[in-house]
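Here's a quick tour of one protein chain. Have a look at it first, then read on.

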Amino acid sequence: MAGWLGALSKTRSIIKQAFSPSATEAGELNVEELEEILLRSDVSARLVMDIVDELESAPRKASRKELLRGMLLDALGEGPEFAWPTGQNAYVLMLLGVNGSGKTTTAAKLAKKAKGQGLKPMLCGSDTFRAAGSSQLKLWSEKVGCDFVGGEMGSDAAGVAFNAVEAALAKDCDVVLVDTAGRMHTKTPLMDELPKMCRAMNKRLEGAPHDVWMVLDASLGQNAIIQAKQFNEVVPLTGIVVTKLDGSSKAGFLFSVRSELNVPILFTGLGEGEDDLVPFSREEFVDALFG
Ligand code: GDP
């Protein structure tokens with residue numbers, strides 16, 4: 001399984017320059033150089049400005065590196081740590097995101113995690129828009145060894161989601177992971193379809209979906225935030241999963257997720273393997289970037 005250090009090597013190699021001997025004066029950070037480096041790794045201009053102001057006005061004796069670390073941890077915000085809710089009929093978690101962001105893979109990785117904790121998960125493939133929309137997820141369900149409900153291409157996604165919740169209740173599943181269609185947000189039908197799916201699931205099980213997470217591809221950098229804002233207006237998001245942190249040189253955008261969306265980052269994908277989904281830790285993230 002990929003670790004934080006290896007996964008963040010691209011952003012890390014940019015940021016590490018800020019701490020190289022040529023960039024430091026007597027062991028201290030060169031703020032101008034740091035500013036440029038943070039912007040290059042897609043930290044938002046606003047946060048970079050705040051960091052620069054704070055570092056420049058800090059007393060000379062203060063460790064700029066420690067100040068910077070504190071500011072970045074604050075920007076990421078604290079917790080919460082995710083735990084599978086138990087003691088309810090079925091916990092329904094819906095995953096949103098554009099095609100290719102890693103939704104299907106994330107749903108499978110989450111199902112595996114749930115199963116590993118002794119729960120009975122179900123995968124629901126409600127992407128009835130793409131020809132192979134739910135077949136990939138079906139394959140994953142066989143690999144993970146869990147129940148699956150999917151829909152034929154062109155069928156009603158809300159109906160598929162309703163059926164999945166119904167089947168999950170009948171089979172005593174603890175967790176339903178609903179993978180959704182991800183054609184681009186500019187196509188309005190998808191944005192109509194998502195609330196309709198929520199209404200359908202809620203009709204069968206009050207409170208469902210209990211959580212709605214957006215899956216964001218880290219290689220999009222700040223553009224991922226724009227996408228999430230658009231989805232958040234249609235269905236309120238309760239969590240973020242950032243995939244493909246391995247290989248991204250733009251991981252700096254994670255620092256603006258909390259302030260821009262007010263939604264916590266809960267998991268991060270650090271590779272394509274089924275175990276490469278790890279709970280987000282702000283300390284590990286910051287220390288992997290700067291350590
Ligand atoms: P979807 O269209 O949103 O359902 O995306 P998929 O789950 O099919 O993923 C698209 C591609 O991204 C696949 O090739 C996945 O293996 C890959 N992928 C998903 N998550 C990660 C990750 O965390 N790291 C890497 N490197 N690849 C990932």
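This is a predicted model: local features need pLDDT of at least 70, side-chain atom pairs count only at pLDDT 80 or more; totals for chains, interfaces and linings use all residues.

Residues are numbered from 1 along each chain as its sequence is written, and side-chain values use heavy atoms, with hydrogens and water left out.

**The whole chain**

- The chain holds twelve helices and ten strands; these are DSSP runs numbered from the N terminus, with helices being H or I of at least four residues and strands E of at least two.
- For 291 residues, a compact globule would have a radius of gyration near 19 Å, and the chain's 21 Å agrees with that. (The radius is taken over C-alpha atoms, and the globule rule is 2.2 Å times the number of residues to the power 0.38.)
- Along the principal axes, the C-alpha atoms fill a box of roughly 65 × 40 × 35 Å.
- Of the 291 residues, 53% count as buried, where buried means under 20% relative accessible area, exposed over 50% and partly exposed in between, using a 1.4 Å probe and protein chains only.
- Take the contacts (heavy atoms within 4.5 Å) with a separation of 6 or more: 75% of them come from residues 24 or more positions apart.

**Strand β8**

- How many residues of strand β8 (residues 239-243) are buried? Five of the five are, so the strand is largely enclosed by the rest of the structure.
- Strand β7 (residues 211-217) runs parallel to β8, and five bridges join them; two strands pair if DSSP finds at least two bridges between them.
- One of the links to spot is M214, whose bridge partner in β8 is I240.

**Two residues of helix α9**

- M201 lies in helix α9 (residues 188-204), and M201 counts as buried because its relative accessibility is 0%.
- Which residues does M201 touch, leaving aside its neighbours within four places in sequence? M201 is in contact with V92, M94, A161, F162, V165, V178, A208 and P209.
- A83 sits 118 residues from M201 along the chain, and their C-alpha atoms are separated by 22 Å.
- E193 is in helix α9 too, and E193 is buried with a relative accessible area of 17%.
- Leaving aside neighbours within four places in sequence, E193 is in contact with A157, A181 and R183.
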